[in-house]
Amino acid sequence: MFDVVGFRHAEEETDAFLTTQLAELDRQLQRISFSRKRDYDAACKLNPDYVQGRKFRLAFLRSNRFDPQKAAGTIVNHFHLKKRVFADYPNELQGREVKFTDLSPDAREIVEAGYLQVSPSNDAAGRAVLFYATFLKRYKTVESLKQAIWYF
């Protein structure tokens, strides 16, 4: 049909295909060393239903074009980065989605000011598009901006 940078025809997501990909993702996660996936393992202990949930893991597989090895690395990196962005917050935050009330007051102000916005429509590849209005630069610290971006 047409070419879009970073877009290729999606795999047909049959139940059998997804089950196979999820099983391979589990195998790839098991192959990663404990020292590298410490934050991932901690999140699994906090809330295995969330971290090992089908919806959560499929998001990583889809974003990595159903490459289980890449998806496993991305999941591990996700929890490592989340721990760094929310370092001053209770550990339980690692095992669930970040809520608006979890954000620092400055990060909430960034969100409320409209500095970051999600487009009401996706791009040609079906991906969400995040806009940021640089002229509204309303953040006081980079840490607050990171939290606001994570929230989206």
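## Helices H4 and H5

In this predicted model, helices H4 and H5 pack at an angle of about 120 degrees, with 8 Å between their axes. The axes are lines fitted to C-alpha atoms, for helices over the stretch in contact, and the angles run from 0 to 180 degrees between N-to-C directions. H4 passes H5 in a right-handed crossing. (A crossing is right-handed if the near helix is turned clockwise from the far one by less than a right angle, and left-handed if anticlockwise.)

Who touches whom here? On the H4 side there are Phe-56, Phe-60 and Leu-61, and they meet Pro-68, Ala-71, Thr-74, Ile-75, His-78 and Phe-79 of H5; contact means heavy atoms within 4.5 Å. Sorted by class, that contact has seven nonpolar residues, two polar ones and no charged ones. For the classes, Ala, Val, Leu, Ile, Met, Phe, Trp, Tyr, Cys and Pro count as nonpolar, Asp, Glu, Lys and Arg as charged, and the others, Gly among them, as polar.

## The loop from H4 to H5

H4 covers 54–63 and H5 covers 68–85. Arg-65 has a phi near 55 degrees, a positive value in a residue other than glycine. Phe-66 has a positive phi too, at about 60 degrees, and is not a glycine either.

Phe-66 is buried, at 11% relative accessible area, while Arg-65, at 41%, counts as partly exposed. Buried means under 20% relative accessible area, exposed over 50%, and partly exposed in between, using a 1.4 Å probe and protein chains only.

## H5 against H7

H5 also packs on helix H7 (residues 142–151), at an angle of about 135 degrees and with the axes 10 Å apart. The two helices are therefore oblique to each other; angles under 35 degrees count as roughly parallel, over 145 as roughly antiparallel, 65 to 115 as roughly perpendicular and the rest as oblique. H5 passes H7 in a left-handed crossing.

From H5, the residues His-78, Leu-81, Lys-82 and Val-85 meet Lys-146, Gln-147 and Trp-150 of H7. By class, this contact has three nonpolar, two polar and two charged residues.

Arg-96 is in the loop between H5 and helix H6 (105–113). Is this arginine buried or exposed? Arg-96 is buried, with 16% relative accessible area. Its side chain makes a polar contact of 2.9 Å with that of Glu-92. Such a contact is a pair of N or O atoms within 3.5 Å; within protein, one must be able to donate a hydrogen and the other to accept it, and residues adjacent in sequence count only if both atoms are side-chain atoms. Leaving aside neighbours within four places in sequence, Arg-96 touches Tyr-50, Lys-82 and Asp-102.

Asp-123 lies in the loop between strands S1 (116–118) and S2 (130–132). With 26% relative accessibility, Asp-123 counts as partly exposed. The side chains of Asp-123 and Arg-127 are joined by a polar contact of 2.7 Å.

## The whole chain

Overall, the protein has seven helices and two strands, in the order α-α-α-α-α-α-β-β-α from the N terminus. Helices (H or I, at least four residues) and strands (E, at least two) are DSSP runs, numbered from the N terminus. Of the 152 residues, 37% are buried.

## Ground rules

Residues are numbered from 1 along each chain as its sequence is written, and side-chain values use heavy atoms, with hydrogens and water left out. Local features need pLDDT of at least 70, side-chain atom pairs count only at pLDDT 80 or more, and totals for chains, interfaces and linings use all residues.
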